[in-house]
Each structure stands twice: as structure tokens, then as C-alpha cells.
Amino acid sequence: MKNLWRLLVATLAGALLVSSLQAAESAHPTSVDAALEKAKQAHAPVLIDFSAPWCYSCYYMATHVLNGPEWLAVEAKTVVAEIDADSPDGAAWMKKLEVKALPMYVVLDEKGNELGRIVAEQPREKFYPQLNKILAAGNTLDQLKQKALGGSTDATATVLGSYQARGQGKEGLDWFASLPEKSRAVANKNTVVTLWLDRLKLLNALTAKDQPTAMASAQRVLAGDIGCDRPYVIDSLLEASEKLPAAERSKLLHPQKVAMDRFLDQQVFINTPTCADQRSAVISTADVDAALGDTTAESAVLDRAIDATRQRLGNDFSHDRNLADNLRVYLVRAKRNDELDALYPKLIAAYPDDYVYPYRYGRSLFERGNAAAALPLLEQAADKAYGQNRLTVATFRVKALKALKRQADAEKVVSEVLEQNGQWFPEQVAALKTALKS
């Protein structure tokens, strides 16, 4: 992301701020309102770290990035808020800030105005330069829009990137179209701006189900310098080309297959991967192989990922949860169920304090037709679930109970969970009620 805002504090005030924040309690606020209140007192920006127990990219960030001297420096000049997306407060703020994926890092000024955001997992050598630019610029998005009106290409690119981060393709394109013709003409000569515009056109076309425009936009984006975002754009191209005749789709995808294989060799299957999200690169490449009908290549890339991940993990599944979960995902994608069944108990043992792996294992067994084996695991998960994930776990408990002809127990589960959760998360509540009735 581009420069978004500049910290408006003199040297003396900065020193006082560091002293004040370091003297504060070490625990980060777990609600945005509490963080904003603290920020007003300290005259500091707020960095919201949106995460969730099921977000293994978030575990990557916690293990590999949000630590060390660089992170301590961030904590010294910001109020960090750790927000659980599954909590009512987290869900409400995600909706308000239009956060559509995790992890997400949103920077607000002390009044709650957004100053910038960083999307998805990043290696530390990419995360901190982005964040430090945001913490040095001092511009709200409204201020950046004013600069764009005045002809600033850098501000224009930053605003377009913010629309992309929110998943607002049409809105971003409409905003760009509202700029003076002279400003647009200058901006259109900038490769960063044109790349953002193509990405917004792709996003807008997918939303509008305009496959030809989406395919054309995706190809333009993939021809640009998009670094670690390549797998995400490949996914969009796969989605847009689903209905093409096989021969046309093969012609479209074959160059991307070559590019993705090169991407894996250069940025994923190396001693120090340069892209944090290795999982998406592997799965997207396997999906391209599948779309091309090349099952041998599809199996080969999954096998390679499984072997490489096992080698990095050894027998310790607790030291890198992101990597451990990558192994789970690769085994699921490869349909290696025997190995998956051997892995799940190890993951449950490595991470005994949350609901995630009992839930995932129970769900996996249920979806493979073994409700009796699934139910104890789902009940184990239910003991540790809360908020939104409590409803998700309950939905599969109900399905398992119904499959076992235990309707009265299923009704009891629904009654208890709805009483615990109140009126929060209406979509998940509706899914739970549907599961009971189906």
C-alpha cells in the first residue's frame, strides 16, 4: 500500500507519547471503542489487528511478524487493538470498516477516521515498510482524495488501493471517473494506477458476472508486477473462465500454468519463502492443473507441498500453527483421508485450548458419513466455542444428532445455544435453525 498518513507530533511530544504508552498496561485493548478511548488520551493512532481462532494466516503473522524490535516500536507509538472477528464487537466493526478477509490491519486516527490498511499475511520485510509508511504520512482517506483532485498520482493510487482492499470495485472506478479529466490523464500514465484500475475492473466484472471483462482484466493484471498477489488473481481468472469451452479455457490457462510453476519455484519452494501465503499459491496451481485436466501435475504439486511442509515441521506441530494447518489443507485437497485422520489427533493435542481442530475433525468425519465418530469431537469443540463459532459448531452437532435419529437432543442443543448467544449473528442463527428443520 502507498503512503496514507503522517504522524503530527513534534519530537518532544513523540518522546512523551512513547513514555506514556510504554508505562501503560501491556495487554492490548480487545474492543475498538476501548482502543479509541485510550488513543484519545495518548493522542496516538490505533492499529486494529482483526483475527480469529480459525485464521491460520493470523497465526503466521503472530509467530513470524508481530514480534521483535520492529513490533515493539509499533506498540510504542500506536494503540494496538486485538479484535476477535468471532466476537459481537469484532463482527460489528468488521462490518463497519468493510473488512472482508483476515488477517486485516486497519489504522485509525484518534477520532476513528481510517488512515490505511494492510490486507492479508505479509512477511515482515514487507509488512513493516507498509505500516511505517502509514504511520509517517498523516493523511486520512478524505485528505488523500482531495490531493488526488489536485493531481497527486501517488494519492490517486493510494485511494484506488483502498477501494480494492474493501472489495469495492464499482465504487473505486466511479470515484476515479469523478476526478477532473486532467488528473485522470496524468494518473493513467502511471503503471501503479493502471494496475489498480485493472484490479478494480476485475473485481467489478466478477461482481456483475461479466466474464469476458473479468477474463480480460485478469490477464492484464497478471501481466503486471503483482508479486505475491498472483494466486488470488489466478483464482479470479479460474472463476471467470469456468463456462468457457475446454479448448478455449486450456488456451487461456496454459500460460498461467507456466507462470505459476515458476512462481512456486522462485517464491514458495525455497529455503526462505518470499511470499507469506504459500498455501494459496499451492492450491491455486493445483486448481489450474485440474482445470487443464492434468491430474498428474495436480497430484505432483500437492505431493511436493505435503513433503516440503512435513520436512519443515518435523514431528513438532506446535511451533508453527500456520505451517501445521497448511499440511492439513494440502491433505484435504489431495483427498488423502487416511493421513488426514492420523494428523487431526496430533493437531488437537498440539492446540488443546481451542475449538478449531475438534470441530474440523468432527466436521470432516460427518461429511464423510461417520456421524457417530463425529459427534464426540463436535461436543468437545462445543465446550470451547464462543460467539459466532459457537453457532457454527452447533450447526454440525445438530446435523450429526439428526443423522443419528436424536431429534430431541438436537432441539436441546439449539435451545441452549440460542439462549447463550442471544440475538447476535442472525445469519448463523438462521443456518442453525435450518439444520434443525431439514
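Helix 3 (residues 56–64) contributes the most to the lining of the second largest pocket, with four residues. The model is predicted: local features need pLDDT of at least 70, side-chain atom pairs count only at pLDDT 80 or more, and totals for chains, interfaces and linings use all residues. Residues are numbered from 1 along each chain as its sequence is written, and side-chain values use heavy atoms, with hydrogens and water left out. Helices (H or I, at least four residues) and strands (E, at least two) are DSSP runs, numbered from the N terminus.

The second largest pocket is lined by 17 residues, among which Asp49, Ser51, Ala52, Glu82 and Ile83 lie nearest its centre. A pocket here is an open set of points on a 1 Å grid over the protein atoms alone, where a 1.4 Å probe fits, with protein on both sides within 12 Å along at least five of seven lines; lining residues have an atom within 4 Å of a point.

Turning to the strands, all five residues of strand 3 (residues 104–108) are buried, so this strand is largely enclosed by the rest of the structure; buried means under 20% relative accessible area with a 1.4 Å probe, protein chains only. Met104, Val106 and Leu108 cover one side, and Tyr105 and Val107 the other.

Strand 3 pairs with strand 1 in the antiparallel sense over five bridges, pairing requiring at least two DSSP bridges between two strands. Valine 46 stands opposite leucine 108. Five bridges also join strand 3 to strand 4 (residues 114–119), again antiparallel, with methionine 104 partnered by valine 119.

Definitions and conventions. Buried < 20%, exposed > 50% of the residue type's maximum accessible area, 1.4 Å probe, protein only.
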